[in-house]
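Here is a short briefing on one protein chain. Look at the structure first, then read on.

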Amino acid sequence: MNKRNSPNHRHEKLSKRDTDESPDPYLNEQPAKEPAVCSECGNIYHNKQWYLPGQVEIKGEEVDEEFVCPGCMKVSDNYYFGELLVSGKFMVPHSDEITHLIDNEVDRAQEKNPLQKVVEATEEEGKVVIRTTNGKLAERLGRALKKAYEGELEIDKSEQTTRVFWERNDLPE
Ligand SMILES: [Zn+2]
């Protein structure tokens, strides 16, 4: 089939990097002028792609610094597509390690797509709840927990928001 006539062509044009959840209204909010630097997180928009601060050199060019990137807009609007629930007896004595692992995994995920972010990290009814801008990030964090600490992982993609549950109840001796 001619690619130009395929039904997915329009979505491909929106973004090559963040295609896991479309339509995503925030991806239409690209800067009118580039390079642009997000005034919240420092992400850089250059050649129609987003980069982390330091990933691309934009020296000597006039920079639009008034812009807020779609990732930060989602955070400030509390708009999320992924939710990770961490629970179980194992969690409390290992909370520092778990937090560290999650932070590292978010950093690594952002190297690929700087617009995926943690929208909210909170505690509800004894569970740690981490809400993410896209489902992929929540899934990635759940898989990282499973890989590091075993336990039970469940991923529910039946609705628009991907829900990821990780639980471990036994305590190593
Ligand atoms: Zn930003």
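Which residues are buried in α4? They are G135, K136, L137, A138, E139, R140, L141, G142 and L145. A residue counts as buried if 20 or more other C-beta atoms lie within 10 Å of its own, as exposed if 12 or fewer do, and as partly exposed in between, with C-beta atoms placed from the backbone. The model is predicted: local features need pLDDT of at least 70, side-chain atom pairs count only at pLDDT 80 or more, and totals for chains, interfaces and linings use all residues. Residues are numbered from 1 along each chain as its sequence is written.

**The chain as a whole**

- The chain has four helices and eight strands. Helices (H or I, at least four residues) and strands (E, at least two) are DSSP runs, numbered from the N terminus.
- Along the sequence, the pattern reads α-β-β-β-α-β-α-β-β-α-β-β.
- Of the 173 residues in the chain, 29% are buried.
- Take the contacts between residues at least 6 apart in sequence: 64% of them join residues at least 24 apart. Two residues are in contact if their C-beta atoms, placed from the backbone, lie within 7 Å.

**Helix α4**

- Helix α4 covers residues 135-149, which makes 15 residues. At 1.5 Å a residue it should span 21 Å, and its end C-alpha atoms are 21 Å apart, which agrees. The expected span is 1.5 Å times one less than the number of residues.
- The buried residues of α4 pack against β4 (82-87), α3 (95-112), β6 (127-132), β7 (152-156) and β8 (162-167).
- Leaving aside neighbours within four places in sequence, A138 is in contact with G82, E83, L84, T132, T162 and V164.
- Just after α4, E150 takes a positive phi of about 55°.

- The covered face of β4 holds G82, L84 and V86. E83, L85 and S87 make up the uncovered face.
- In a regular strand the side chains alternate between the two faces of the sheet.
- β4 pairs with β6 in the antiparallel sense, over five bridges. Strands pair if DSSP finds at least two bridges between them. E83 has R131 in β6 as its bridge partner.
- β4 and β8 run parallel and are joined by six bridges. Here L84 has V164 in β8 as its bridge partner.

**The largest nonpolar core**

- This core has 27 residues. C38, C69, L84, V86, A138, L141 and W166 touch the most other members. A nonpolar core is a set of buried Ala, Val, Leu, Ile, Met, Phe, Trp, Tyr and Cys residues joined through C-beta atoms within 7 Å.
- Two or more residues come from each of β1 (36-37), β2 (44-46), α2 (70-77), β4, β5 (118-124), α4 and β8.
- The largest share, four residues, comes from α4.
- At least three residues come from each of domain 1 (16-76) and domain 2 (77-167). The domain bounds come from an automatic or database domain assignment.

**Residue G71**

- G71 is found in helix α2. It is buried, with 24 other C-beta atoms within 10 Å.
- G71 and N113 are 42 residues apart along the chain, and their C-alpha atoms are separated by 9.8 Å.

**A three-strand sheet**

- An open sheet of three strands has the order β1-β2-β3, with antiparallel pairing.
- β1 and β3 (49-51) stand at the edges with a single partner strand each, so one side of each has no neighbour in the sheet.
- Two bridges join β1 to β2, and V37 has I44 in β2 as its bridge partner.
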